[in-house]
Protein chains: 2
Amino acid sequence: MKRLVGCLAVALLASLPLMLPAAEPLATWRDTPAKQRIIDFVTAVTTADGSGYVTPADRIAVFDDDGVLWPEKPRVQGMFALQALRAEVPDHPQWRLEMPYKAALELGGKYLQEASGADVFQLVAAAFAGRTQDDFRTAAREFLANARHPRFGRPYTRLGYEPMQDLLGYLRVNGFRIFIVTAGSSEFTRALAGDIYGIPADDVIGSSVGTTLREEQGQLVVRRLDQDIVLVDGPGKPLAIDRQIGKRPILAVGRINAGSDIDMLRYGRQPGRPGLQVLIQHDDFDREYAYDEADKASNKAANAGGWLTVSMRFDWLRIFNAD
Amino acid sequence: MKRLVGCLAVALLASLPLMLPAAEPLATWRDTPAKQRIIDFVTAVTTADGSGYVTPADRIAVFDDDGVLWPEKPRVQGMFALQALRAEVPDHPQWRLEMPYKAALELGGKYLQEASGADVFQLVAAAFAGRTQDDFRTAAREFLANARHPRFGRPYTRLGYEPMQDLLGYLRVNGFRIFIVTAGSSEFTRALAGDIYGIPADDVIGSSVGTTLREEQGQLVVRRLDQDIVLVDGPGKPLAIDRQIGKRPILAVGRINAGSDIDMLRYGRQPGRPGLQVLIQHDDFDREYAYDEADKASNKAANAGGWLTVSMRFDWLRIFNAD
């Protein structure tokens with residue numbers, strides 16, 4: 001009987017897309033070849049009798065966070081660390097002399113416009129060393145509830161790119177499992193991923209510090225160390241995907257910035273299996289930001305691999321939700 | 001429109017348990033206080049206007065694997081490693097002298113009746129050092145497709161405890177998210193978790209070896225190292241749960257053996273929040289195995305914490321599926 005209940009649930013789930021009115025997919029995207037290529041890919045992997053069909057269990061999609069799902073200027077997690085760094089600096093005078101702390105403390109948000117993912121994570125790791133994970137999560141939620149973006153004036157929680165939220169919804173309806181794979185702190189990213197992107201905490205894979213289990217007042221708590229950092233950036237992204245998901249993604253979405261998503265996108269490609277690799281190009285100075293790579297490494301990899309490059313300026317109808 | 005589709009999907013999902021005929025929960029459990037306590041707990045956390053209500057996003061359940069979801073005698077992953085160890089031993093003559101390799105090579109399955117989770121993982125790590133993760137997964141699937149349990153004569157894939165499969169189904173229908181947290185290799189456990197337990201690969205959290213990303217014949221592959229082992233056992237279980245799930249589980253299920261699940265069960269307890277901790281007692285010599293701890297550490301922790309101890313002999317109607 002329990003088996004039957006399970007089967008009924010699965011059958012109902014599988015038939016959901018058919019039962020609901022057909023919404024226009026990717027409504028916040030312009031009608032460009034980029035949009036069409038995404039729709040063609042999703043159609044191919046979900047067409048049951050087609051040659052490109054992929055079973056739902058293997059429809060794994062991975063997304064970078066900063067610069068892919070929301071802006072990376074300034075680095076939000078750096079702004080978060082900055083508050084704690086400033087409070088802690090009397091106990092850590094060496095930070096005034098050492099990079100990247102020195103730059104963050106002296107230049108603040110200006111430095112965080114350009115800081116690398118690795119440096120930003122170093123700031124987060126140092127600022128919260130010794131704190132419990134419960135404390136860290138509370139601090140992250142409080143920051144997100146109160147802080148506002150310096151240019152757009154909105155809470156960061158209302159700066160998710162609307163075309164990407166559309167894409168996540170479209171993939172979800174088509175049976176994809178969606179993961180964030182970010183150089184940022186997994187704990188910080190989990191504090192926002194549910195509300196902004198509808199992604200559960202355990203589907204966020206990010207950089208981490210070492211931790212230790214302590215008994216305090218009869219309770220087991222997890223405390224953060226300032227060592228044993230695992231950075232999920234560059235080659236660290238495929239390694240983290242292998243470690244936590246255990247499957248190669250058929251869809252990988254990164255952005256053009258310092259080549260840091262190249263390995264993640266290349267890893268998704270496997271001969272004889274459908275796959276789509278997407279690079280977001282920040283070329284919209286008026287509506288968001290415009291920046292590029294001096295060595296064009298991501299573009300070269302995209303050309304060699306047949307990846308899709310998405311222009312924020314030309315392919316997206318809007319950047320942020322209008323309200 | 002997309003938002004509406006998402007909401008409709010969520011609404012339909014949430015209403016599923018109401019729409020389906022009410023099956024008797026835990027039909028393969030005897031009508032004992034243990035069964036009743038589980039049902040009472042699940043009823044409390046899912047009763048929307050009750051004081052013990054927990055939102056679905058926080059209904060996190062964690063299960064140990066060996067000895068909780070299927071037998072741990074002999075250690076299946078040790079049997080798997082043994083094949084590869086024997087093939088590799090000419091290149092590693094020191095294994096004939098060093099523990100735990102020496103014991104495994106000399107005593108085989110007899111040693112693996114008693115070996116610890118840490119030693120078994122050491123065998124797996126050494127036997128497959130240098131291999132790609134793709135190779136490892138293929139080897140795991142092949143082993144599971146062919147090997148049979150020495151006492152029960154069945155394939156290991158048909159040795160999932162039926163009362164636990166019932167419990168997993170009951171939790172799933174009630175909106176729980178279920179994770180395996182095991183000292184065994186996450187890659188090996190993923191090869192069986194879908195078929196036997198219906199648990200997706202990324203919801204398996206296990207021990208891991210360090211890995212490295214290599215470019216081979218124009219492809220990125222992940223290769224296993226023989227170092228940087230992260231053992232998910234004892235205190236390593238709460239740390240892994242914190243790292244990969246980022247939430248404290250409200251339901252944790254371990255077994256009585258060497259005290260290795262005590263930290264995981266204690267970690268789930270948080271003042272002022274509902275929680276259930278379950279220990280499986282192997283006291284059924286006729287139908288499975290009977291073993292215990294000399295120091296009774298798990299029983300003492302259970303008494304101190306008010307955990308539920310489940311007797312395989314008295315609380316379970318059957319152990320394995322009859323067919």
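Which order do the strands of the open sheet in chain A have?

**Basis.** I worked on a predicted model, in which local features need pLDDT of at least 70 and side-chain atom pairs count only at pLDDT 80 or more, while totals for chains, interfaces and linings use all residues. Residues are numbered from 1 along each chain as its sequence is written, chains are lettered from A and ligands numbered from 1 in the order in which they are written, and side-chain values use heavy atoms, with hydrogens and water left out.

**Sheet, chain A.** I read the order of the 6 strands as β3-β2-β1-β6-β7-β8, with parallel pairing. Strands (E, at least two residues) and helices (H or I, at least four) are DSSP runs numbered from the N terminus, and two strands pair if DSSP finds at least two bridges between them. At the edges I found β3 (204–207) and β8 (308–311), each with a single partner strand, so one side of each has no neighbour in the sheet. Neighbouring strands are turned by 20° against each other on average, direction ignored. I then looked up β6 (residues 251–255) and β7 (residues 276–281) of chain A, which run parallel and are joined by 5 bridges; A:R255 has A:I280 in β7(A) as its bridge partner.

**Helices on the sheet.** Helix α5 (residues 117–127) of chain A touches β2 (177–185) and β3, its direction making about 75° with that of β2(A). Contact means heavy atoms within 4.5 Å; axes are lines fitted to C-alpha atoms, for helices over the stretch in contact, and angles run from 0 to 180 degrees between N-to-C directions. Helix α9 (residues 236–244) of chain A lies across β1 (60–63), β2 and β3, at about 130° to β2(A).

**Aromatic pairs.** My search of the whole structure returned 28 pairs over all chains. Rings of Phe, Tyr and Trp (its six-membered ring) pair if their centres lie within 6.5 Å; planes under 30 degrees apart count as stacked, over 60 as edge-to-face and the rest as tilted. Why is the pair of B:F80 and B:F136 edge-to-face? Their planes stand at 85°, with the centres 5.5 Å apart, so the pair falls in that class. B:F80 lies in helix α3 (residues 76–88) and B:F136 in helix α7 (residues 133–146) of chain B, so the pair ties together parts 56 residues apart in sequence.
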